[in-house]
Amino acid sequence: MDWKDIGSVIGKAAPVLGSVLSGQAGIIVSAAGALVSSKLGCESTPEAVQKVLTTSPDALIKIRQIEA
C-alpha cells in the first residue's frame, strides 16, 4: 500500500488533497501524508491512515477540515 491508494479514498471527500496524495512520490506527497496522519491522530504511514479511514466514522470529516 502507498499514498496513491489512500489518495483515491480521500479524494472522494477532499479532491485537492486526494490529488496531492495521488501524485508523484516525493516531499509533497510525504508532507501531505504527514498532515493527514497528524489530523487523524495516527502514524504517518499509508497503512495506519487506511485503518483509521475504515474504522473511524468521523475520519472523512477531519479530512474535509484540512482541505477547507
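**Helix packing and buried residues in the predicted model**

Leaving aside neighbours within four places in sequence, Leu17 is in contact with Ile10, Ala32, Val36, Ile63, Ile66 and Glu67. The model is predicted.

The largest nonpolar core has 15 residues. Within this core, Ile10, Leu17, Leu21, Val36, Leu40, Leu53 and Ile63 touch the most other members. Helices H1 (3-10), H2 (15-21), H3, H4 (46-55) and H5 each supply at least two core residues. The largest contribution comes from H3, which gives 4 residues. In soluble globular proteins, nonpolar side chains tend to be buried together.

Helix packing was examined next. Two packed helices are described by the angle between their axes and the distance between the axes. Helix H3 spans residues 27-40, and helix H5 spans residues 59-67. The axes of H3 and H5 come within 10 Å and cross at roughly 130°. The crossing of H3 with H5 is right-handed. On the H3 side, the contact involves Leu35, Val36, Lys39 and Leu40. On the H5 side, Ala59, Lys62, Ile63, Gln65 and Ile66 take part. By class, the residues of this contact are 6 nonpolar, 1 polar and 2 charged.

H3 also packs on H4. Here the angle is about 45°, and the axes of H3 and H4 are 10 Å apart. That angle makes H3 oblique to H4. H3 passes H4 in a left-handed crossing, whereas H3 passes H5 in a right-handed one. Val36, Ser37 and Leu40 of H3 meet Val49, Val52 and Leu53 of H4. The contact of H3 with H4 comprises 5 nonpolar residues, 1 polar residue and no charged residues. Val36 and Leu40 of H3 meet residues of H4, and Val36 and Leu40 also take part in the contact with H5. Both residues are among the core members that touch the most others.

Ser37 lies in H3. Its relative accessibility is 2%, so Ser37 counts as buried. Beyond four places in sequence, Ser37 is in contact with Cys42, Glu43, Ser44 and Val49. One of these, Val49, belongs to the H4 side of the contact between H3 and H4.

Two residues of H1 were also considered. Trp3 is located in this helix. With a relative accessibility of 13%, Trp3 counts as buried. Leaving aside neighbours within four places, Trp3 is in contact with Leu21, Val29, Gly33, Ser44, Thr45, Pro46 and Val49. Ser44 and Val49 are also among the contacts of Ser37. Trp3 and Val16 are 13 residues apart in sequence, and their C-alpha atoms are 14 Å apart in space.

Gly7 is likewise placed in H1. Gly7 is buried, with a relative accessible area of 2%. Gly7 and Leu21 are 14 residues apart in sequence, yet their C-alpha atoms are 4.7 Å apart. Beyond four places in sequence, Gly7 is in contact with Gly18, Leu21 and Ser22. Leu21 is in contact with Trp3 as well. Leu21 is also one of the core residues that touch the most other members.

Technical notes:
Residues are numbered from 1 along each chain as its sequence is written. This is a predicted model: local features need pLDDT of at least 70, side-chain atom pairs count only at pLDDT 80 or more; totals for chains, interfaces and linings use all residues. Side-chain values use heavy atoms; hydrogens and water are left out. Axes are lines fitted to C-alpha atoms, for helices over the stretch in contact, and angles run from 0 to 180 degrees between N-to-C directions. A crossing is left-handed if the near helix is turned anticlockwise from the far one by less than a right angle, and right-handed if clockwise. Contact means heavy atoms within 4.5 Å. Ala, Val, Leu, Ile, Met, Phe, Trp, Tyr, Cys and Pro count as nonpolar, Asp, Glu, Lys and Arg as charged, and the others, Gly among them, as polar. A nonpolar core is a set of buried Ala, Val, Leu, Ile, Met, Phe, Trp, Tyr and Cys residues joined through side-chain atoms within 4.5 Å. Buried means under 20% relative accessible area, exposed over 50%, partly exposed in between (1.4 Å probe, protein chains only). Angles under 35 degrees count as roughly parallel, over 145 as roughly antiparallel, 65 to 115 as roughly perpendicular and the rest as oblique.
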